[in-house]
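Please keep the sequence and the 3D view at hand while reading.

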Amino acid sequence: MTKNAAAGFFALVLGAAYLIASFRLPEVTAGDEIGPKLFPIIIGVIVMLSGGALALSERRSQQQSPEAKKDLFSFRFIEERDTWVRIALTMICGIVYGLVLDWLGYVIATIIFMFFAASFINVRRHLENAIIAVSFSIVSFGAFAVLLKLSLPRGLLGFLPF
Amino acid sequence: MDAIFQNLTIGLQTAMLPINILWVFIGGLLGTVIGMLPGLGPATGVAILIPITYGMNPATALITMCAVYYGAMFGGSRASIMINTPGDSSAIVSCFDGYPMTKNGQAGPALAISAIASFIGGTIGMVFLVFLTQPVASVALKFGPAEMFSLMIFALTATVTLSEGSLLKGFISMGIGFMLATIGIDGQSGVIRYTFGIEDLQDGIDFLVVMIGLYAVAEVFKNYRDINTEYKVDAKTIGKVWVSWADFKKCLMPMLRSSPLGFVVGVLPGMGGTIATFMSYAMEKSLSKHPEKFGKGAIEGLAAPEAANNACSCGAMVPLLTLGIPGSGTTAVMLGALMMLGVRPGPILFQQHPEIAWGVIASMIAGNIILLIINLPLAIPLVQLLRIPQRIMLPLILGMGYMGTYFLNYSSFDFILVSLFALGGYLLMKLDIPLPPLVLALILGGMTEQAFRNAMVIANSNLLFFLEKPISLTLLVLACFSIVYSLRKRRKITEIHP
């Protein structure tokens, strides 16, 4: 599958799913006569039509020039494995950061998050990463919580005076 | 004429407050630094610097965001000139002659002329902006739902047809943006749409969460492939950051020609700095007596696009401030930031809060001068920042992105959304689906649907209503025209390169 065909099929599936969900919305005409369904249905149709046209035009151009078939599309999960692993780890780290932020407090949670996030990128330079993590956390806390007086969770460090 | 000066006086009173001048300086400096970093453009800069505007009053916040925006425009060319790596697509053209100049040992004059050209472009753009805002705002005041709907459709189609890549992919991107915009409780009927039973989605997806995901975190993901890149910047070879009188004279006419061009391109929706810079470069090359020197370090080939780019960013402020409609990814992020602060740009802003609207415009005068000062004497220390390796820079951008997310709603659910949108944005980039139509549809989606439904109430559900109003009809015809034009243009390209 070429890149355009992949994008086309993706849009077809997404548009179809959205359209089904739109048809299942309740019919309410209390606020206005159009109701909450028509606009999403138009959007779903536009996305499906664009996706279908993209996939079809790609097939036609392939029939005309078969050598284009060699230009296959993939997300290169294997060739660029390092990148994908980094992305996955960063995402997990980011989500966990959000979950523990209130409990650990901004400073500690940010140090941990930044240390891990930096370690995925700046591999095996632990001291450098620790310096990045601690200074980012403390500088940003100082700037936002102390200078700009935004409320940030203190968490475990709640006993500190500032 | 008198009214303009009166308005400018009101604006200058706001702009010249010491606190606002200070923030123009800080915002401009931070914008320059982020715009300069390879791979990070103005949209990323504005997205990750939003937290600094928290707790500010709306005028100061808007002034700061603008300073970040055109600071990034000033800074964008630094990386192009020094290391041949544009910060974003509007700085690509600056590589054409900027980097050859550095290789010829003329880095100093290149840095100087790019700052001077940015200043001239910005100043000329400012003058146009001052004269154009009031008329546009007063016309826009008369717009009803039908006109608003058609205007947004025109802005969206223009963005789709002018964005890079295929037309169909642009429409797909726009559709995804609309889909995301419809998530949450429908304001008019109270129906909960597409939340999959997740309560956190009932209020809809915060626009800025998507922006930070797409423009900050996804950009970091994109850079993961070449994290070990290090750039060599030798400050000793830059020399004096100044241009000779002869060089300046050579650049003067190109700068003066490119500025109005850039401004007009900036006003039109969908046409951003990329198109402005390419057009001005092509124009200068065709007008030049020595077109063969272009691409080999012709100083006017650097000056013209730089002036066009900054004039373009002034032009982009016209639809943003007067209509509340952004014309590019970066201005969309700015609009999102403003809405969060409770400022709704548009014609009503000029009526109800002239001190904010005109304060921002007046602050750009000060901003341009401050940025010229930042970018001439401080040019050499600033370009040293290019030596910070990617592996140190990327974690910091990541940290800024996630931290900014937290400030939006103090909700841990947003961290999940940011991570997912970053992944989604990265996948869309891999499929060559352009992001600006998505961003615009997302921020305009709620308003578009509302205008559509309000117009339908007035017209008793008669779709022809949009064609009966002259302004609305003109805008829709323009939208159709932009699609036809883009199809023909693409056909021509495929005829030449089958």
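## The enclosed space

In this predicted model, a search of the whole structure finds one cavity of 30 Å³ or more, and the largest cavity holds about 50 Å³ of space. Its lining is made up of Pro42(B), Ala72(B), Met73(B), Gly76(B), Ser77(B), Asp88(B), Ser90(B), Ala91(B), Glu306(B) and Asn309(B).

Helix H4 (58-83) and helix H12 (299-323) of chain B each contribute at least two residues to this lining, with H4(B) giving the most, namely four residues.

## Where the chains meet

Across the boundary between the chains, 58 residues of chain B are in contact with 64 residues of chain A. The area buried between chain B and chain A is about 5600 Å², and carbon and sulfur atoms give 78% of that area. Met179(B), Tyr194(B) and Tyr224(B) together supply 12% of the area that chain B buries against chain A, which is more than any other three residues supply.

## Polar links and the side of chain B

Between chain B and chain A there are four salt bridges, including one that Arg391(B) forms with Glu128(A), where the closest N and O atoms are 3.0 Å apart. Twelve residue pairs are in polar contact between chain B and chain A, both residues being at pLDDT 80 or more.

Among the elements that each supply at least two residues of the side of chain B touching chain A are helix H8 (167-181) and helix H17 (390-409). The largest share of that side, twelve residues, comes from H17(B), and the residues of the side as a whole divide into 38 nonpolar, eleven polar and nine charged.

Terms used
Residues numbered from 1 in each chain as written. Chains lettered and ligands numbered in written order. Predicted model: local features only at pLDDT ≥ 70, side-chain atom pairs only at ≥ 80, totals over all residues. Heavy atoms only, no water. 1 Å grid on protein atoms, 1.4 Å probe; cavity = no way out; pocket = protein on both sides within 12 Å on 5 of 7 lines; lining within 4 Å. Points joined across faces, edges and corners; volume = space filled by probe spheres on them. Contact = heavy atoms within 4.5 Å. Buried area = accessible area lost by both parts, 1.4 Å probe. Salt bridge = Lys/Arg side-chain N within 4 Å of Asp/Glu carboxyl O. Polar contact = N/O pair within 3.5 Å; in protein donor to acceptor, adjacent residues only side chain to side chain. Nonpolar A, V, L, I, M, F, W, Y, C, P; charged D, E, K, R; others polar.
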